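Trainee: I have a model open and I'd like to learn how to read it. Could you walk me through some features?

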Amino acid sequence: MQIVPDKTSMDSPPLHIAMFPLFAMGHLTPFLHLSNKLANRGHRISFFIPKRTQSKLEQFNLYPNLITFHPINVPHVNGLPNGAETTSDVSFSLAPLIMTAMDHTEKDIELLLTQLNPQIVFFDFTHWLPNLTRRLGIKSFQYSIINPATVSYVRSPARLRQCSDIAEAELHLMQPPPGYPVSSIKLHAHEAKFLASKITWEFGSGVLFYDRLNNGLTLADAIGFKGCREIEGPFVDYLGEQFGKPVLLSGPVIPEPSNTVLEKKWAEWLGGFKHGSVVFCALGSEWRLPQDQFQELLLGLELTDLPFLAVLKPPVGCETVEIALPEGFRERVQGRGVVESGWIQQQLILQHPSVGCFVTHCGAGSLTEALMSKCQIVLLPQLDADHIVNARMMGGNLKVGVEVEKGEEDGLFKKESVCEAVKIVMDDESEVGREVRENHSKVKNLLLSYNLESDSIDCFCKKLQDLLK
Ligand SMILES: *[C@@H]1O[C@H](CO)[C@@H](O)[C@H](O)[C@H]1NC(C)=O
Ligand SMILES: CC(=O)N[C@H]1CO[C@H](CO)[C@@H](O)[C@@H]1O
């Protein structure tokens, strides 16, 4: 597909931007979505991409005349399987080695940048890039796919220094840092404990994950996020003060609507139920629950008495979802409940008229899809800083969804709490259910308004131009 750039809104000469995201599908894809939005404004993009991964992303390049892929050889690193290029090619524990391999591309990147001579490079985890670009007279821009509320919560430099001792860090992490703009966003004990344990996590070349991000935030000429001022504004202002540099928002970067149709099997199955009655539960492509939590979740869905479709990875220690189902479960929910593993057309399922509720792990992509749908939202965040803060943001701050209650210390949920959260949002009589429905529809209208997306991108481009002056 080729789209003619919308040049009408351009009053400055087009930019030449290089993109160098973490070699992970979850990073390459949003950087490419953003590239499409920028190319739509006539800007030229040089996109650095691992060699064999290029073919997987070509279909999403809507402006092949303006977005050029530059294949990068990912060097072999001891411990990485042969041919591994992205974190999606390896298990989670090997992801830091992909980062190490990227660190080894510095000389190639320098050569490429010298030849291409872009005005600005977008990066996220290669913290050595700002020093390199500065030498070459190119600007660097750290574009984070983690939302600014999370970055503000866990990564302000003062806070990182405080967090050198893990026990103390746990206490600190339970409360937002001083000056944090939203008091309803805070962590439970088990979440603070988990995040504190990550402080010593090495992510490539022996560099701590937090140092990598913090170096990027500190050294880049400017930093930026996906999102819009209406929602992200206070966090962006806060980060701007903390780091003393421009913080830009690229707008919601809503992916172009999918031009595929829902698989017949699901269209027919969903079609058999009443409007807005089906609960769709999908916890992302990576999260594997412990078996007892897996069962508790399914029993909770069963308890709701509503039809449901759950898309889950097999729980830890199980090969398939079938062998992990609670006893007698399949017979009891026959005809109204389905459990699937594997990939599913989430965006299209959420748009199906029969689907009325979405139980989500609170990944950024899923939440955007949730907000763009008319489904009621139930929040079941994965143990991940971004997902946790997202859940508090949606549940506590914007009040567009209801979070499943978990044990403060152990972080476990019970079937009753899953059922309760679904019931609250699905019950027409429930005041909270009505409130989240109203608030959700306001946010949805905001995100869908043409001007928001378009104005945010224009404003983003203008601020990039200002950076080059
Ligand atoms: C960047 O350069 C500064 C100044 O030379 C140096 O102190 C710092 O360690 C460098 N940082 C990285 C991540 O390369
Ligand atoms: C954050 C937000 O917009 N909350 C609103 C949700 O809906 C209730 C009821 O309509 C409003 O009072 C809140 O202000």
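Trainee: At what angle do helix H1 and helix H20 pack?

Mentor: Two packed helices are described by the angle between their axes and the distance between the axes. In this predicted model, helix H1 (residues 25–39) and helix H20 (residues 450–467) pack at about 85°, with axes 10 Å apart. That makes H1 roughly perpendicular to H20. Angles under 35 degrees count as roughly parallel, over 145 as roughly antiparallel, 65 to 115 as roughly perpendicular and the rest as oblique. Axes are lines fitted to C-alpha atoms, for helices over the stretch in contact, and angles run from 0 to 180 degrees between N-to-C directions. Helices (H or I, at least four residues) and strands (E, at least two) are DSSP runs, numbered from the N terminus.

Trainee: Which residues in H1 and H20 meet?

Mentor: From H1 come Leu34, Lys37 and Leu38, and they meet Glu453, Ile457, Phe460 and Cys461 in H20. Contact here means heavy atoms within 4.5 Å. Sorted by class, the H1–H20 contact has 5 nonpolar, no polar and 2 charged residues. (Ala, Val, Leu, Ile, Met, Phe, Trp, Tyr, Cys and Pro count as nonpolar, Asp, Glu, Lys and Arg as charged, and the others, Gly among them, as polar.)

Trainee: How is the chain divided into domains?

Mentor: Domain 1 covers 13–256 + 449–467, and domain 2 covers 264–447. These bounds come from an automatic or database domain assignment. Taken over C-alpha atoms, the two domain centres are 28 Å apart. Domain 1 puts 27 residues into the contact and domain 2 puts in 24 residues.

Trainee: Which residues touch the most other members of the largest nonpolar core?

Mentor: In soluble globular proteins, nonpolar side chains tend to be buried together. A nonpolar core is a set of buried Ala, Val, Leu, Ile, Met, Phe, Trp, Tyr and Cys residues joined through side-chain atoms within 4.5 Å. Buried means under 20% relative accessible area, exposed over 50%, partly exposed in between (1.4 Å probe, protein chains only). The largest core here has 126 residues, and Phe47, Phe122 and Phe280 touch the most other members. Both domain 1 and domain 2 give residues to this core, so it lies between them.

Mentor: Pro118 lies in the loop between helix H4 (106–116) and strand E4 (120–123), and at 3% relative accessibility it counts as buried. Leaving aside neighbours within four places in sequence, Pro118 is in contact with His16, Ile17, Ala18, Leu113 and Ile138. Ser277, in the loop between helix H12 (264–271) and strand E8 (278–282), counts as buried too, at 11%.

Trainee: What is the phi of Ser205?

Mentor: Most residues other than glycine have a negative phi, and most peptide bonds are trans. Ser205 has a positive phi of about 50° although it is not a glycine. Ser205 sits in the loop between helix H9 (189–197) and helix H10 (209–219) and counts as partly exposed, at 41% relative accessibility. Lys399 also has a positive phi of about 50°, and its place is the loop between helix H17 (385–397) and strand E13 (401–403).

Trainee: How are the residues and chains labelled, and what is counted?

Mentor: Residues are numbered from 1 along each chain as its sequence is written, while chains are lettered from A and ligands numbered from 1 in the order in which they are written. As this is a predicted model, local features need pLDDT of at least 70, side-chain atom pairs count only at pLDDT 80 or more, and totals for chains, interfaces and linings use all residues; side-chain values use heavy atoms, with hydrogens and water left out.
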